[in-house]
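Please keep the sequence and the three-dimensional view at hand while reading.

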Amino acid sequence: MTTFFRRLTLAAAALAAPAQAQTFENLDLLEGRVVDSLAADIGEPGGPARPLDRRLRLAPCPEPAVIDAPAMGAVAIRCEPLGWRIRVPLIAGAVASAAAPVRAEPIIRRGDQVEVVALTSSFSVSTIGTAEQDGAPGDRIRVRTDRRSAPFVGQVLADGRVALPGFN
């Protein structure tokens, strides 16, 4: 029992002692620097997609953190002396989103019976299968010929058939 009381006394002393103030990197300041460097606010095209996660507990950087140029849809904030780095996702600019291709309407729906074909210049073979995904012309979808068989991937043709890859 002596060990129990000793542990209890140590725990009570730890709780009674003033908590040490832990200092972390100022996320508001980092967020403001990112917004200023991008010249776009949070949620705007070209700006951060969302605010920095307030759960981050980064050690304070002894010198100003480096904000890299945007690359691959994000900017990186780095503290060279300490070695931490975080990525901040960006919202694509208005020009990039306007040029995005429009997706064609699916001509095959999940559960549809489809003709699966293997086409070559000299012959063609076909069977009936069930589509496991929606698909527009040119899309690759999973098809199953039997409930117990493994699905395979085929390309949706403009006429509603599904072509097996590897046969040209």
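Strand β4 (residues 113–119) and strand β5 (residues 124–131) run antiparallel and are joined by 7 bridges. Strands are DSSP runs of E with at least two residues, helices are runs of H or I with at least four residues, and both are numbered from the N terminus. Two strands pair if DSSP finds at least two bridges between them. Across this pairing, V116 stands opposite T127 in β5. The strands β4-β5-β6-β7-β8 form a closed barrel of 5 strands with mixed pairing. Strands of a sheet pair through backbone hydrogen bonds, either parallel or antiparallel.

The model is predicted: local features need pLDDT of at least 70 and side-chain atom pairs count only at pLDDT 80 or more, whereas totals for chains, interfaces and linings use all residues. Residues are numbered from 1 along each chain as its sequence is written, and side-chain values use heavy atoms, with hydrogens and water left out.

The structure holds 1 disulfide, a term for a pair of cysteine sulfur atoms within 2.5 Å. C61 is joined to C79, with an S to S distance of 2.1 Å. This pair links distant parts of the chain, 18 residues apart: C61 is in the loop between α2 and β1, and C79 is in strand β2 (residues 74–79). The disulfide is right-handed because the torsion about the S-S bond of C61 and C79 is about 90°.

Accessibility is given for several residues in the table. Buried means under 20% relative accessible area, exposed means over 50%, and partly exposed lies in between (1.4 Å probe, protein chains only).

| Residue | Relative accessible area | Class |
|---|---|---|
| C61 | 14% | buried |
| C79 | 1% | buried |
| R57 | 54% | exposed |
| A39 | 73% | exposed |
| M72 | 83% | exposed |

R57 is found in the loop between α2 (27–38) and β1 (66–67). A polar atom of the R57 side chain lies 3.0 Å from the backbone oxygen of R54. R57 and E25 are 32 residues apart along the chain, and their C-alpha atoms are separated by 7.2 Å.

A39, in the loop between α2 and β1, has a positive phi of about 60° although it is not a glycine. M72, located in the loop between β1 and β2, is not a glycine either, yet has a positive phi of about 55°.

How values were computed. Polar contact = N/O pair within 3.5 Å; in protein donor to acceptor, adjacent residues only side chain to side chain.
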